[in-house]
Amino acid sequence: MGKVVAAAAVVCTAAVCAAAVLVMRHRMKSSGRWAKAEAILRELEEKCGTPTGKLRQVADAMAVEMHAGLASEGGSKLKMLISYVDNLPTGDEEGVFYALDLGGTNFRVLRVQLGGKEKHVVKRESEELSIPRHLMVGSPNDLFDFIAAAVAKFVATEGADFVLPPGRQRELGFTFSFPVKQISLASGTLIKWTKGFLIEDAIGQDIVEELTKAMERIGLDMHVTALVNDTVGTLAGGRYNNADVIAAVILGTGTNAAYVERANAIPKWQGLLPKSGEMVINMEWGNFRSSHLPLTEYDQILDAESLNPGEQIFEKIISGMYLGEIVRRVLCRMAEEASFFGDDIPPKLGDPFILRTPDIAAMHHDTSADLKMVGSKLNDILEVK
C-alpha cells in the first residue's frame, strides 16, 4: 500500500510546479527579462523532478517507516495510529445522524438520513464555515465554543423529515483531521496541531471532551459517538458505497492516508484482536520525510519559517495549505533577480500566504483558454497597477 500511495502523492509536487511555470511564462515573455526568469523556472522544474526511479525510492522509504510505525509507538516518522475502527459501514445502516468535520481552515456540519441497503442516503443537508484566523492560535474554549455554536445553529434548522424518536439523543460523528492518540472509538488526545493551527493548551487534551463541554455550555443535547480522522472517515464513506475499498488518501488543506490492515500484523497492538481480524490505520503520513523527497530551497525556507519547523515535511511540499505560498516564494525570487514585475516589486508579494492554492489552481485551469486572463488575475491578487 505504501508504495502506491507514496508515488501518487509525490507526483503532486511536479504537477504544481508545472502549473507555476504555466502561470508565470506569460509574464516572462512580456517582461523582456526572459533568460534569467527562465533559468529560475528550469532550476525549479529540475529540483521538483520525480522520475520513476525517485518515486520508487520514496515509496520504499515510506514502506520501511510504515512497518516501523506499526511495530512500536514513536518508532517511526509515521505514527501509524490505531483508529479503533475494526468494522466499516456495510450500506445497511438506517437512521438520522450528524457529522462534524474539522479538517483545517474550514469545518462542515452535516445531517443525513440513511435508509438502509435499498435507499442508502435518503436526505442530506450540510453547511460549511470558515474558522477565523485568531481562533486557530487562541484558546481551546474559544475554538470549540465557536464550533459548538455553529452546530447548534445548524441543528435548529432541522426539518420534519429529520425528527428523532422520543427519548433518543442526537448522535454526532466527529471527524478531527489532526494527529490524535485514540483511547477508544469516541475519545482521543491531541498529539499536535498541523495546517496552521497552534493552540498549545489543547495538546494532550481529550478532543471529544473539549467539544462535549462546549456543547454543554450552550445547552446542546448531542452525544459524540465516534471520533475519526478525516482520512478514516473518507475510507468509511468509500466502503459504504463499495465493499472493495481498502484505502483512502486526502489531498486538501493537508494530506494523509488511511487503510485497512490485518490486526495480527500490528505488533504494537495490545489486547484481544478484534473479531473482524482487521483494523483501520491512520498513517499521519504528512510527517513523512526522506532524503529522497524532491525538496527545493523554497520548501526548506518555508519549513524553517513555519509554526512547526522540521515537521510535516511531506505535507508542506504537496498540500493545499502551502502550495500557493511556494509559488509566491518563487515569484519573489523572480521579482528580485529577474525584475519579473518591472522595476518595482509589488508590496503585496511580501505578504506570506497572499497567494492561495485555489487561486493558483484557477490560473492553471485558465491557461488553456486565455493566458492574458491568468496575468490579469495575478495582477489583481497582488494589486499590480
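I began with the largest pocket and noted that α7 gives the most to its lining, with eight residues. Helices (H or I, at least four residues) and strands (E, at least two) are DSSP runs, numbered from the N terminus.

Before going on, I noted that this is a predicted model, in which local features need pLDDT of at least 70, side-chain atom pairs count only at pLDDT 80 or more, and totals for chains, interfaces and linings use all residues. Residues are numbered from 1 along each chain as its sequence is written, and side-chain values use heavy atoms, with hydrogens and water left out.

I looked up the volume of the largest pocket and found about 1,200 Å³. Among the 34 lining residues, P89, A99, G233, A236 and G237 are the closest to the centre. A pocket is, on a 1 Å grid over the protein atoms alone, an open set of points where a 1.4 Å probe fits, with protein on both sides within 12 Å along at least five of seven lines, and lining residues have an atom within 4 Å of a point. Grid points are joined across faces, edges and corners, and the volume is the space filled by probe spheres set on the points.

Next I checked two backbone angles. Y84, in the loop between β1 (81-82) and β2, has a positive phi of about 70° although it is not a glycine. Q312, in the loop between α8 (297-304) and α9 (313-318), likewise is not a glycine and has a positive phi of about 55°.

Is Q312 buried or exposed? Q312 counts as buried because its relative accessibility is 2%, while Y84, at 32%, counts as partly exposed. Buried means under 20% relative accessible area, exposed over 50%, and partly exposed in between (1.4 Å probe, protein chains only).
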